[in-house]
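Please have the viewer open as you read.

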Amino acid sequence: MGIKLGILGLGTVGTGTVQLLLDNVGRHSLLRELEIWRVGVKSLDKPREVDLPTGVITTDLESIVNDPQIDIVVELIGGIDRARELILKAIANGKHVVTANKAVISRFGAEIFTAANKAGVYVMLEASVGGGIPVIQPLKQSLSVNRIHTVTGIVNGTTNYILTRMQTEGSNFDDVLADAQKLGYAEADPTADVDGWDAADKIAILASLAFGGRINREEVFSEGIRQVSKTDISYADKLGFVIKLLAIAKRISPLSPSSSCPTLSVRVHPTLVPKTHPLASINGVYNAILVEGEPLGQVMFFGPGAGAGATASAVCSDILNLAARLTSAKSSSSSSNIDPLLACSHQDYCPIAPVSELIVRFYARFLTKDQSGVIGKLGTCFGKYGVSLESVVQTGFQGELAEIVVVTHDVQEGKVKQALDEIRTMEAIHSIPSLLRVI
Ligand code: HSE
């Protein structure tokens with residue numbers, strides 16, 4: 001018998017989640033035990049990117065959280081009040097819950113987890129912070145023996161994208177924001193992102209997990225990036241810094257055996273970050289979370305902080321964790337109690353492809369005569385063999401010879417070799433001192 005899912009919401013993340021669940025080949029075998037039983041939406045008229053059997057989609061969200069057949073409710077509607085209400089009803093009906101909703105968890109976590117503990121169900125929230133980056137589970141499990149002293153994150157992709165563009169282009173906040181909205185990197189109403197509220201929700205959740213206590217969301221300080229100017233960025237640069245919107249949770253009080261909840265500083269604000277700091281190089285829409293503790297030292301989680309596929313990966317990993325527990329509970333009377341997500345069940349060797357067949361990027365460095373048209377000839381020749389170029393840079397001179405560096409897009413090695421064989425015969429080419437693969 002399969003595990004039945006009730007999914008609330010079929011927006012970007014809901015659609016990504018359904019797509020991942022339906023496209024299960026090559027993923028964990030437990031995914032095949034899952035059944036998308038009901039999907040709750042606002043309107044039946046909206047065109048959908050996923051093809052679900054008739055009767056699965058409904059506008060009656062209440063019927064999903066009350067459906068006795070559903071094992072796991074996946075809340076992906078966003079917003080606060082309605083989401084909170086539906087999560088609490090699902091819990092009261094004995095259902096496990098998976099949610100991506102940082103706003104609800106950061107504000108109503110205490111109420112929700114108290115209810116869940118009482119009902120004996122789990123509320124899973126991997127997707128609520130860092131999109132596809134696994135950081136909740138590591139904080140709850142793998143890192144939990146450490147004494148964490150600081151969690152520092154770039155946890156909002158929109159603001160990191162804006163700051164990165166301001167830095168690289170020397171542009172103003174308003175211009176970049178307007179362009180980011182046009183390109184779909186920023187919401188029409190960007191308030192929650194640019195004023196730091198979204199990051200504050202996320203650091204409240206991370207702080208709670210890292211330091212083992214609840215966090216009052218209203219006490220989290222947040223200052224956004226509206227006032228960051230290109231002049232600040234330029235000065236910071238000259239001084240050896242970049243400006244990032246950091247979300248920081250830090251232990252303030254000394255360790256004490258008598259108190260389980262330490263005093264913390266939990267805040268979000270634009271921050272000058274030394275260029276040598278691990279977070280300084282996290283650019284664009286990416287997120288990263290640096291966790292520092294004892295005895296571990298530093299560990300950094302990096303990846304896509306939003307997007308349908310990335311967030312679906314986190315949502316589905318939570319679903320899988322619950323499915324593993326439900327499956328082992330159902331079979332515990334018969335065979336073993338082994339959690340299939342923790343045990344290793346590999347049996348066969350994987351075939352290994354020869355390196356010549358791999359599709360990778362290449363870096364090539366050429367020494368050429370300093371004459372017009374050389375870069376054009378290189379590009380044309382690569383194009384002739386189907387090698388697409390990511391970048392071509394003339395870095396300077398070595399004596400009389402010009403030095404040109406080319407980075408390809410992903411390509412089969414054989415095609416690059418063919419192009420290079422022809423390039424070597426060109427009158428303007430002196431030599432090709434380097435050919436390296438790029439990860
Ligand atoms: N709005 C968020 C961001 C993504 O820009 O990072 C969802 O948490």
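Let's begin with Leu177, which sits in helix α7, spanning residues 173-183. Helices (H or I, at least four residues) and strands (E, at least two) are DSSP runs, numbered from the N terminus. The model is a predicted one, where local features need pLDDT of at least 70 and side-chain atom pairs count only at pLDDT 80 or more, while totals for chains, interfaces and linings use all residues. Residues are numbered from 1 along each chain as its sequence is written, and side-chain values use heavy atoms, leaving out hydrogens and water.

Is Leu177 buried or exposed? Leu177 is buried, at a relative accessible area of 9%; buried means under 20%, exposed over 50% and partly exposed in between, with a 1.4 Å probe and protein chains only. Setting aside residues up to four places away in sequence, Leu177 touches Ile162, Ala186, Pro190 and Val194, where contact means heavy atoms within 4.5 Å. Val374 is 197 residues from Leu177 along the chain, and their C-alpha atoms are 39 Å apart.

Now to the pockets. A pocket is an open set of points on a 1 Å grid over the protein atoms alone, where a 1.4 Å probe fits, with protein on both sides within 12 Å along at least five of seven lines; lining residues have an atom within 4 Å of a point. Grid points are joined across faces, edges and corners, and a volume is the space filled by probe spheres set on the points.

| Pocket | Volume |
|---|---|
| Largest pocket | about 1,300 Å³ |
| Second largest pocket | about 640 Å³ |

The largest pocket has 44 lining residues, and Val13, Lys102, Glu187, Asp198 and Ala306 lie nearest its centre. Elements giving two or more residues to this lining include α1 (12-22), α6 (157-169) and β11 (286-294). The top contributor is α9, with 4 residues. By class, the lining of the largest pocket holds 19 nonpolar, 16 polar and 9 charged residues. Here Ala, Val, Leu, Ile, Met, Phe, Trp, Tyr, Cys and Pro count as nonpolar, Asp, Glu, Lys and Arg as charged, and the others, Gly among them, as polar.

Which element supplies the largest share of the lining of the second largest pocket? That is α4, with 8 residues. This pocket is lined by 27 residues, with Gly109, Phe113, Leu125, Ser208 and Leu209 nearest its centre. Its lining divides into 13 nonpolar, 8 polar and 6 charged residues.
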